[in-house]
Amino acid sequence: MTDAPKSTSPAPPATSAEPATARHGGRTTPDLPPPGSEAAEGLFSRTYLAATSSFAAVMFLTGLAALAVVPTLPTAAQDLDGVSLFPLVAGCFVAASLLGGVLGGHWADRAGAHRPLAVGMVLAVVTLLVSAASTSIWQLAAGRFVDGVAGGMIAVAINAAIGQAYPDRLQPRALALMSACWIIPSLVGPPLAGLVAEWWSWRVVFYGLAALTALPALAVVAVLRGRSWRAAPAPSEESTPRPALMVAVAVSVGAALGQYGASGWDTRHLLFAAGGLALLVLFASQLLPTGTWRAAHGLPATVLLRGLSSGVFFTLEALVPLMLVTGRDVAPVVTGLAFTGAALAWAASSWVQGRLPERTPRHRLVVVGASIQAGAVAIAVVGSLPGTSPVIAASSMVVAAVGMGLLAPSLTVLSLSHAPTGRQGYASSAMQTNQNLGQILILGVASAVFNAFLGVGSNDHAGYAAAFGLLLVPGVLAALLATRARSA
């Protein structure tokens with residue numbers, strides 16, 4: 001994306017009770033309201049009610065669509081004679097969200113977070129219709145790709161909007177509420193989608209989600225148009241470069257090529273995988289703050305920690321169910337319960353961190369969360385050994401989710417505290433970008449280790465144990481580097 005113009009000064013407050021803004025630590029933050037004022041009442045006071053309700057609605061609908069669609073994708077791929085391309089269909093969402101995160105972040109800095117959030121919601125409805133009407137696996141992949149762009153815009157815009165709309169004291173609670181909004185979708189989304197796909201068609205799932213999302217999306221757009229959220233004025237000399245749009249496209253395409261390359265082991269697929277890796281190596285660093293890979297203090301270290309922790313968690317979430325279904329013949333309901341338990345554990349621990357005293361150092365919560373994740377990895381290694389109960393492996397997902405519930409909101413708060421003036425969107429975009437890169441790269445390396453063990457004649461148990469053991473490296477590294485992300 002080319003350099004965006006500097007943000008205009010903040011618009012007048014939406015209500016007379018909205019707190020004024022003041023400079024603190026190189027960025028704009030709302031002043032703490034006087035005791036007894038409406039703003040001091042919390043997220044659902046008159047000042048913040050519209051924002052809180054809008055954000056909660058967005059997260060609920062996004063979670064419902066994301067969690068309900070994924071279980072139907074294998075059925076859709078089979079119906080469209082595209083099983084061999086299923087890795088591309090499953091992975092292109094993450095690849096595209098890299099692009100969406102960059103677009104949403106810079107749009108949020110330029111014009112306020114409400115615009116990319118509204119456009120992302122509308123675009124999400126359109127892509128559900130495109131996917132539902134698919135006549136080929138490539139159309140379904142295209143729909144998932146565009147849906148990833150919308151999802152990336154929404155995720156980044158939500159974080160940026162929280163930084164722009166709430167004072168520092170309310171940001172952890174707002175982030176905890178966003179996590180809690182995924183509880184009901186995680187409980188009812190996958191099983192309901194499975195029943196609908198079995199009784200009617202996978203297309204009905206997509207059409208139904210589009211219908212459910214359309215009216216609430218329009219309502220969210222209407223509410224957001226009434227708010228005056230703008231990014232704070234950017235400094236005259238920006239310390240963080242705005243990456244070109246073509247760089248974001250190159251990274252997104254590189255991730256997609258890597259996903260396609262993972263769908264086969266012949267020369268063509270290996271060439272695609274090599275090309276995707278080359279694009280990531282050449283361009284990914286341009287989407288991240290300078291010093292990210294060497295964990296420079298502040299925002300770069302925070303962004304790196306987001307990638308490491310997300311990569312560990314989502315690799316567990318991908319490989320543990322695969323091991324249970326293919327290696328242990330566990331019923332799908334058991335893996336479904338593991339996903340549900342993980343979602344509840346994430347929301348519960350996120351709620352806990354949101355209720356901790358404001359003076360609690362956020363980087364210490366990152367240490368605790370990363371340590372819990374490392375423990376979850378150890379549980380997964382034990383659960384991969386022959387003769388152990390499948391419950392042990394399944395429980396690793398729940399334990400890892402406890403760590404993520406502490407990690408993810410704390411890292412987001414730290415990223416907002418480190419963001420340069422008027423650049424909350426940039427910080428949120430970098431966090432989202434490295435989260436997706438962490439998922440793609442760590443899962444890819446773990447899968448390569450697993451396949452390497454199988455290639456030399458080892459059994460599945462040894463392959464899974466090695467893949468899970470590999471995750472100890474990024475898990476322990478995140479705990480060790482957490483102090484570099486602490487706020488001043």
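Colleague: Which residues does Ala430 touch, not counting those up to four places away in sequence?

Modeller: In this predicted model, Ala430 touches Leu287, Leu288, Pro289 and Val303. Ala430 itself sits in helix 15, residues 424-455.

Colleague: What makes Ala430 count as buried or exposed?

Modeller: Its relative accessibility is 1%. Buried means under 20%, so Ala430 counts as buried.

Colleague: Which residues in helix 4 and helix 5 meet?

Modeller: From helix 4 they include Pro116, Leu117, Gly120, Leu123, Ala124 and Thr127, and from helix 5 they include Leu140, Gly143, Arg144, Asp147, Ala150 and Ile154. The residues of this contact divide into 15 nonpolar, five polar and two charged.

Colleague: Good, now the rings. How many aromatic pairs does the count come to?

Modeller: Six aromatic pairs. One aromatic cluster is formed by Phe313, Phe314 and Trp346.

Colleague: Why is the pair of Phe55 and Tyr166 called edge-to-face?

Modeller: The ring centres of Phe55 and Tyr166 are 6.1 Å apart, and their planes stand at 70°. Centres within 6.5 Å make a pair, and planes over 60 degrees apart count as edge-to-face. Therefore the Phe55 and Tyr166 pair is edge-to-face.

Colleague: And what does the pair of Phe55 and Tyr166 tie together?

Modeller: Phe55 lies in helix 1 (residues 49-69), while Tyr166 is in the loop between helix 5 and helix 6 (171-180), so the pair ties together parts that are 111 residues apart in sequence. Both Phe55 and Tyr166 are buried.

Colleague: What kind of aromatic pair do Trp199 and Trp200 form?

Modeller: Edge-to-face: Trp199 and Trp200 are 6.2 Å centre to centre, with 75° between the planes.

Colleague: How do you know whether Trp199 is buried or exposed, and what about Trp200?

Modeller: Exposed means over 50% relative accessible area. Trp199 has 58% relative accessibility, so Trp199 counts as exposed. Trp200, with a relative accessible area of 60%, is exposed too.

How values were computed:
Residues numbered from 1 in each chain as written. Predicted model: local features only at pLDDT ≥ 70, side-chain atom pairs only at ≥ 80, totals over all residues. Heavy atoms only, no water. Contact = heavy atoms within 4.5 Å. Helix = DSSP H or I, 4+ residues; strand = E, 2+ residues; numbered from the N terminus. Nonpolar A, V, L, I, M, F, W, Y, C, P; charged D, E, K, R; others polar. Phe/Tyr/Trp six-rings, centres within 6.5 Å; stacked < 30°, edge-to-face > 60°. Buried < 20%, exposed > 50% of the residue type's maximum accessible area, 1.4 Å probe, protein only.
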